[in-house]
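Let's take a walk through this structure together, one region at a time. Have the sequence and the 3D view ready.

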Amino acid sequence: MYPIVAARRLWRGIVRRTLGVWIKTTVKPDDAAGSLAALPRPICYVLERDSQADLAVLNDTCARLRLPRPTRRLLIAGRRADRAYFELERRIGFFGNRTDTRPSRYLAQLAAAAAAQPDFDVDLVPVAVFWGRAAHKEASWWRLPFTENWVWAGRIRKFLTVLINGRNTLLYFGEPLSLREAVKCAPEGGAGARRIVRGLRATLRAQRASTIGPDLSHRRTIVAQVLATRAVRSAVRAEMRVRGSTRRASLLAAKKCADEIAANYSQAFVTFLSMALGRLWNRLYDGVAFQHAEKLREIGDGVELIYVPCHRSHMDYLLLSYVIYHKGFAIPHVAAGVNLNMPVIGRFLRKGGAFFMRRTFKGDALYAAVFKQYLGLMMARGHALEYFIEGGRSRTGRLLAPHTGMLSMTVQSYLRDPRRPVVFLPVYFGYERIVEGRTYIGELSGAPKRKESALGLLKAMPALRRRFGKVYVNLGEPIHLDGALSERNPRWREESAGVEDPRFEWVGQSIDDIAQRIVTGINAAAAVTPINLVAMAMLAAPRQALPEADLAAQIDLYKALLRDAPYGPLVTVSEQSGAEMIRYAETMGMLERQHHPLGDILLMNAASAVLATYYRNNILHLFAMPSLLACCFIGNAVMGAADIHRLLWRVYPYVSAELYLRWSEADVGAYVDTLLDAFARHGLLSSNEERGDWRRPPPTSFEAMRLSLLAAAAIQTIERYYLAIALLLQAGSGVIGQQALEERCHLMAQRMALLYGLNSPEFFDKSLFRKFVELLRRRGVVQAAADGKLVFGDALLAVAADAQLVLSEQIRHSILQVTLA
């Protein structure tokens, strides 16, 4: 017996030394070495499976990090054991074709020692080893078949995996578990050891799911599970009654819906796609910045994570999955419009985790039932999801109103089966040049939307040769569904338990709350790029032309205001100076330089100016409040502090509803005070503490010019509001309906844009007028009579009076002139 044991030890030593030379490991989390070294108790490592290769990786890593090795002899009950680790699963049988999942004898010895000796305790540290999964390491096509998955590889495959992916290995140290605490919580004897093993196995499975995604089995299996659910069977019976079809025909229709929806995730394909996209991004962009990745680590494992990004471009689908994958996390399943389910392309998207959905479920109860059950199944299996809260791509650069369809299905699926806590993670995309930019401008100007097709994609390929700058992917603050539900109804668990279709009033209110928190969370994680700031300054200038020194100073002012009166802690701002940003914008073809003896002039041609509105609108919300404050001094040399607070408080709800600002109405006053201090610090305003008022700089001063440029960001928003109010007042109370007013506002704004050269397509966007009128109704400023006509009283006159106080006489005259034409 002893020669066999000695031979095994010799063989293990040879394996460890050989692999130690070949293997290169990335350790996660980054602070693992420090946290494990600080543990007060001895460490016992827990491996998923009996694998000499995995043990060698762990042993080599511990030696490199100066941590206790798993091969050391751990003191148990006064005796030295031959190791300090155990496995949860072991192969048995001559050919190793069976799996033993019973608790190991080594764990039984540890548990017995902890029960017998009050002072004995060790920390059980789960360890997961992933071959071919280290972040930023995938670089070879022939490694794909041997990347990590959920299948326990045989000896030959394991040998090839180590040989091919040995230098691309990821090792995760889990949270330590006190053996004594685990023994206290578990029953005595073998049942206690089995409970400890189940807990450790769940921890390691969660880590594997977080790293490579959950075990999705085969697509046909998932489709079969969806079709077997009670809700789908009920929908099939309803389909039989309504259409008079046979059960087989209705089941086939349900299966067709499921096949149309379901993803066909492939880990090997995802690895292949990661390499392909890495080359594509290097060709298209100057870099992809992924910021606030620590939010993912803070969320932890064991939750249902749902990414809810803004939707700027078709590139969004790929970018988020790419950066998440390269940070070592499992990529989400992405809800994509069925318009992207094109030949070949749709097949590839499915393998990358995309599942498809129709634009509307109306008129097809069977499809709706199948989709909801598929979504619920994916959530129950623990796969991260991703969908765009706006529903479609924004053509203006602003966030669109949230569409709550997917959000509603998510919440209802969770209420039916609350297995895992749901966490929503807002994501902001910031592009310095967007691939579809020209198309968006054409659509806003009246051109029809182009339908996606493979041929259209091929036609767009030449445009990808241009330079697109840098891309920013910023994570926002996580939103926990449990907390949001509890705010509306602390007893939501009891009331929704066992309810198949939870449609309580508080559910709808919670969905609306979460939708607003998501869009404000996206905006609160904005990335401010050089292109954004140059666009903001140039569009504020008359004829889109500024001396170079003035442009640089204005950009530096914008940066200073973001620093001195910050919008939020997650907003990131380019570190370049104003002068550096100008040079960068020139290299991107955004600015033209005209030399002059008294100083160069920077210009923006008409086409660039229209496109620049998109990039300005990306960050317009960050400067909404500073710009509104500056607007107070367009027609007023002096204003009292109380008047400033009243005006900004009055207009804030409408601007906030349009731009999804982060402050509540109660918090606006404190932020206005912060802004006033920042304006005074930069010479934009001066205060008279005795009289309690604020004064703008002399009209001919440099500071007055900067204040005027700052006001330009919000002035068109105020003009649009004043136009709507003027048209409503002109029509009279009880004369015009909401739809007719919206159409008249749209046409008048379009006319103003033509007459006064306003290069902002969103100025006459009908949806913005609709939102403004609806908010006037919600706040009781106007009401809808029984016949649908809008009626108003003194409240609207007060809003109009405040708008007149903000706008200059010339602007008011221009608006009234158009409305009377």
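**A guided tour**

Arg205 counts as partly exposed because its relative accessibility is 44%, where buried means under 20% relative accessible area, exposed over 50% and partly exposed in between (1.4 Å probe, protein chains only). This is a predicted model, in which local features need pLDDT of at least 70 and side-chain atom pairs count only at pLDDT 80 or more, while totals for chains, interfaces and linings use all residues. Residues are numbered from 1 along each chain as its sequence is written, and side-chain values use heavy atoms, leaving out hydrogens and water.

Arg205 sits in helix α7 (residues 190-212); helices (H or I, at least four residues) and strands (E, at least two) are DSSP runs, numbered from the N terminus. Look across to Asp301: 96 residues separate it from Arg205 along the chain, yet their C-alpha atoms are 9.7 Å apart.

Now turn to strand β2 (residues 43-49). Here 7 of the 7 residues are buried, so the strand is largely enclosed by the rest of the structure. β2 pairs in the parallel sense with strand β7 (residues 123-131) over 5 bridges, and Tyr45 has Val125 as its bridge partner there. Pairing requires that DSSP finds at least two bridges between two strands. With strand β5 (residues 85-92), β2 again pairs in the parallel sense, over 4 bridges, and Leu47 stands opposite Glu87.

Next comes helix α16 (residues 405-416), whose 12 residues reach 17 Å from first C-alpha to last, close to the 16 Å expected at 1.5 Å a residue; that expected span is 1.5 Å times one less than the number of residues. Of these 12 residues, 10 are buried, so α16 is largely enclosed by the rest of the structure. Among them are Leu407, Gln412 and Tyr414.

Leu407 leads us on to the largest nonpolar core, of 211 residues, where Leu407, Phe424, Met625 and Phe679 have the most contacts. Such a core is a set of buried Ala, Val, Leu, Ile, Met, Phe, Trp, Tyr and Cys residues joined through side-chain atoms within 4.5 Å. Its largest share, 15 residues, comes from helix α29 (residues 702-731). Apart from this core lies another, of 27 residues, including Leu170 and Val197.

Finally, visit helix α24 (residues 578-587), with Gly578, Met581, Ile582, Tyr584 and Ala585 buried. Seen down the axis of α24, these buried residues fall within an arc of 165° (taken from the directions from the helix axis to the C-beta atoms), so they line one face of the helix. Just after α24, Gly589 takes a positive phi of about 75°.
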